[in-house]
Amino acid sequence: MNAVITGVGAYVPEYRLTNEELSRMVDTNDEWIMTRVGIKERRILKGKNENGGDLGASDMAVLAIKDLVKKTGLNLDEVDLLVCTTVTPDAPVPSTAAIIGGKLEMHKALSFDVNGACSGFLYGLDLVSQYIKAGSKKKAILVSTEKMSSIVDYTDRTTCVLFGDAATAVLVEPTEENVGVLDSDLHTDGFGREWLKIPAGGSVMPASHETVDGHKHFIYQEGKQVFRYAVTYMADATVDVMKRNNLKAEDIAWLVPHQANLRIISATAERMELPAEKVMINIERYGNTTSATIPLCLYEWEKQLKKGDNLILAAFGAGFTWGAMYIKWGY
Ligand SMILES: CC(C)(COP(=O)(O)OP(=O)(O)OC[C@H]1O[C@@H](n2cnc3c(N)ncnc32)[C@H](O)[C@@H]1OP(=O)(O)O)[C@@H](O)C(=O)NCCC(=O)NCCS
């Protein structure tokens, strides 16, 4: 038994935060952002819910799942597993997966959150496919939803240019065909935990006036350190997965990389000896949407994908978390 993606849905907010607008907020410019990172604009979730609070990760996730339902004809009553990947939960408790399920009146699905940061989609897909392969779940939704604008400090030019908001939802089902998730090589090593983090809001630094005044609830990143490891570890994992599956560059239809920095993506493709036209890249239009980047690429390239295409997915993120997966497209 194998586990295969059988549909992809997505939601991106309408508001486009351009480099031009950012350059009026902090000391930055289009030229710096394009040459160092490769982003032109990001989507930002605005608006209020019916209780006067902000729209959150669960609201985007609900819209992504509704898109998936519309595209696939999926009956949500049949879904028995709902895994949500996010670093921007609606709140610490309950899980965002429980909130999403509640809003969609899903009464049956086992639901929980996974935090693998920018590798979250790979962690989630690996986990979901284990349930499916074991036969204990039959229809799983993996929803990846990130309201990065809620944890970005728009006075910090080193991080505020990088991130955007988005949500995606993929359906994963069993198959007896030789398609779907064929291999995964995922890692975590907490030696990198200090270089990319949100310092406050947890049990070691609960929210206080001082933490708010000190901007401690926002993302802090030492970009150079993270870049250094991202560029090697993501490529290493990718090459390892290719080697152990006897895949050469010509066997691969697409590299689907996490979209954090165009230079990291290019370095990975180069190590694989893969031509640029086989690499999915949309960082220019969305920025880094954390765990939603890879499925957002699948969503945008869906029409070009063919059954049997060999895809390599690769990511690197906070923790550090990183890895690569080999999937054979199923439709
Ligand atoms: C964040 C990142 C784009 C910064 O690029 P970089 O080439 O490392 O740039 P540096 O941090 O060395 O900064 C170089 C200079 O640009 C400045 N700078 C930083 N952000 C800037 C901005 N938005 N606009 C203009 N200048 C900026 C810095 O202050 C620094 O100036 P200085 O030399 O006077 O001190 C890059 O490090 C990166 O992509 N890191 C990894 C991100 C990532 O993969 N995250 C993991 C998953 S989420």
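**View 1. The shell around the ligand by residue class.** The shell around the ligand has 10 nonpolar, 6 polar and 5 charged residues. Here Ala, Val, Leu, Ile, Met, Phe, Trp, Tyr, Cys and Pro count as nonpolar, Asp, Glu, Lys and Arg as charged, and the others, Gly among them, as polar. The model is predicted: local features need pLDDT of at least 70, side-chain atom pairs need 80 or more, and totals for chains, interfaces and linings use all residues. Numbering starts from 1 along each chain as its sequence is written, and side-chain values use heavy atoms, without hydrogens or water. Of the 21 residues around the ligand (a heavy atom within 4 Å), Thr28, Arg36, Arg157, Lys224 and Asn261 come nearest.

View 2. The Asn261 side chain places an N or O atom 2.7 Å from a ligand oxygen. For Gln221, the distance from a side-chain N or O atom to a ligand nitrogen is 3.1 Å. For Trp32, such an atom lies 3.3 Å from a ligand oxygen. Alone, the ligand exposes 970 Å², and the protein buries 75% of that (Shrake-Rupley method, 1.4 Å probe).

**View 3. Helix 8 beside the ligand.** Helix 8 gives the largest share of the shell, 4 residues. Helices are DSSP runs (H or I, at least four residues), numbered from the N terminus. Helix 8 has 22 residues and spans 31 Å from first to last C-alpha, close to the 32 Å expected (1.5 Å times one less than the number of residues). Its buried residues include Val226, Tyr229, Ala230 and Met234 (under 20% relative accessible area, 1.4 Å probe, protein chains only). Asn246 follows helix 8, with a positive phi near 50°.

Note on methods: A polar contact is a pair of N or O atoms within 3.5 Å; within protein, one must be able to donate a hydrogen and the other to accept it, and residues adjacent in sequence count only if both atoms are side-chain atoms. Helices (H or I, at least four residues) and strands (E, at least two) are DSSP runs, numbered from the N terminus. Buried means under 20% relative accessible area, exposed over 50%, partly exposed in between (1.4 Å probe, protein chains only).
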